[in-house]
Amino acid sequence: MNRQDLDAYWMPFTGNRYFKDHPIMVTGSEGNYYVGENNNRIFDGLSGLWCVGLGHCRPEITAAVSAQMGKLDYAPAFQVGHSLAFDLANKLVSLTPDGLDRAFFTNSGSESVETALKMARAYWRQKGQPSKTRLIGRARGYHGVNFGGMSVGGIGGNRKLFGTGVEADHLPHTWMPEAAFSKGQPTMGAERANELEELIALHDASNIAAVIVEPMAGSTGVLPPPVGYLNKLREICTKHDILLIFDEVICGFGRVGAAFGAQAFGVTPDLMTIAKGLTNGTVPMGAVVAKTEIYDTFMAAGGPDYMVEFSHGYTYSAHPVACAAGVASLDLFVTDNVVDQVNGMSPYFEACIHQFDDHPLVEDVRNFGLAGALQIKAQDGQPALRPFKIFRKCWENNVYVRCGGNTIQLAPPFNASKAEIDNLFNVLRDALNSVDSWSL
Ligand SMILES: Cc1ncc(COP(=O)(O)O)c(C=O)c1O
């Protein structure tokens, strides 16, 4: 493409100026690879943006989506149903923890977060406690980019340009230098959950609707929860009648070696936000799964039974084509035995990633399930520079990894072979070793 043909598209979360001077493009995808412009095959070391864990262009999903396009391309989301939406909800709640049995569909992770936060506030109002509105997130948390998610999110760069959000406060993050290079969950740091008691003392539980955290923080660079941390959050939320929301957008559908983070870490929230793997990244879709008691509260307070109980939803909620992709993806999640795949490969992945523990440019290595991150030392006071260059170098060598802040993030497809994992880390090591001899 000509340089001027790149101007019209304002790319998201991208350095547009550098990109448009040095574009990198994909033309196709298959299995665990993208196809590049020279027909080269690029290993997908982040499963898209953490969303294509089952691999690209799975025929089962393609066939379901194609058939659906010719059968029912759209159905009004409000006041009219179609059977795939109910099928998908049933399949989804068969995977979520017992008691989380009511699914509300959205079109993205960000919309799932907004939906869950509004559900939490509305729930308390319907229970006669309208002052419970404040939302609590966590430093370094990522909950998408809309106003609610931005407000509970804890990544400064995602907040600073956008002014006032919704009333939120934040728990401290769980990263501790003393726990650097932990394999899996750090054994120290659980006490950071006790900071919630401090926030409750400050704001009072009568003013707090919900706490939202990622069970394992992903976008900030893979922070597995310290052992016991989530249990403490659960205890404190229960004690003070505050809803606990797990943002499972990355953790869901196998990445952490269980259907969800809730099961991997043995803690059950009141609401879960979901997206990405729900359709294996093929068609935009998200969901909120709520405890039955929350749904029942809305039904009981809903007035005459023809009236809307929750004034919220999207034109494309439960879009038939997305539902077709979702049903096919959840079927594959089961028939591929994703949980076994991930648990089978994660010890090897862990051993490989921790071979970087003594690399001079690496200041932390973290992993859980088939997710991992290298925290890279800053260059010239710029924490994001080396990771960006490493991402570019790997791409040149036909491996896609993500750079995010001061980290390189990895999340290979669930069925990645040992040879593919070896190649991923070999290319990454070469990039790390040569990064300082290369300027942008
Ligand atoms: C935990 C979490 N929540 C929410 C989102 C936002 O999802 P989306 O980009 O689909 O809006 C993401 C995206 O990476 C995420 O990781």
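Here are some questions and answers about this predicted model.

Me: Before we start, which pLDDT do local features need in this model?
Reply: Residues are numbered from 1 along each chain as its sequence is written. This is a predicted model in which totals for chains, interfaces and linings use all residues, side-chain atom pairs count only at pLDDT 80 or more, and local features need pLDDT of at least 70.

Me: Happy with that. How many helices and strands does the protein chain have?
Reply: Helices (H or I, at least four residues) and strands (E, at least two) are DSSP runs, numbered from the N terminus. Counted like this, the secondary structure of the protein chain comes to 14 helices and 15 strands.

Me: What is the radius of gyration of the protein chain?
Reply: The radius is taken over C-alpha atoms, and the globule rule is 2.2 Å times the number of residues to the power 0.38. For 440 residues that rule gives 22 Å, and the chain is close to it, so it is as compact as a globular protein of that length. The C-alpha trace spans about 70 × 55 × 45 Å along its principal axes. The radius of gyration itself is 22 Å.

Me: Now the domains: how many residues of domain 2 are in contact with domain 1?
Reply: The bounds, from an automatic or database domain assignment, are 3-54 + 337-437 for domain 1 and 62-335 for domain 2. Two residues are in contact if their C-beta atoms, placed from the backbone, lie within 7 Å. On the domain 1 side 32 residues take part, and they meet a domain 2 side of 29 residues.

Me: Which elements of domain 1 each supply at least two residues to the side that touches domain 2?
Reply: That side has 14 nonpolar, 13 polar and five charged residues. Here Ala, Val, Leu, Ile, Met, Phe, Trp, Tyr, Cys and Pro count as nonpolar, Asp, Glu, Lys and Arg as charged, and the others, Gly among them, as polar. The elements are α2, α12 (338-353), β11 (362-368), β12 (371-376) and β15 (407-410).

Me: On to the ligand. Which helix gives the largest share of the shell around the ligand?
Reply: A residue is near a molecule if its C-beta atom, placed from the backbone, lies within 6 Å of it. The ligand is surrounded by 14 residues, and the closest are S108, G109, S110, G144 and V249. By class, the shell has five nonpolar, seven polar and two charged residues. Its largest share, three residues, comes from helix α5 (residues 109-126).
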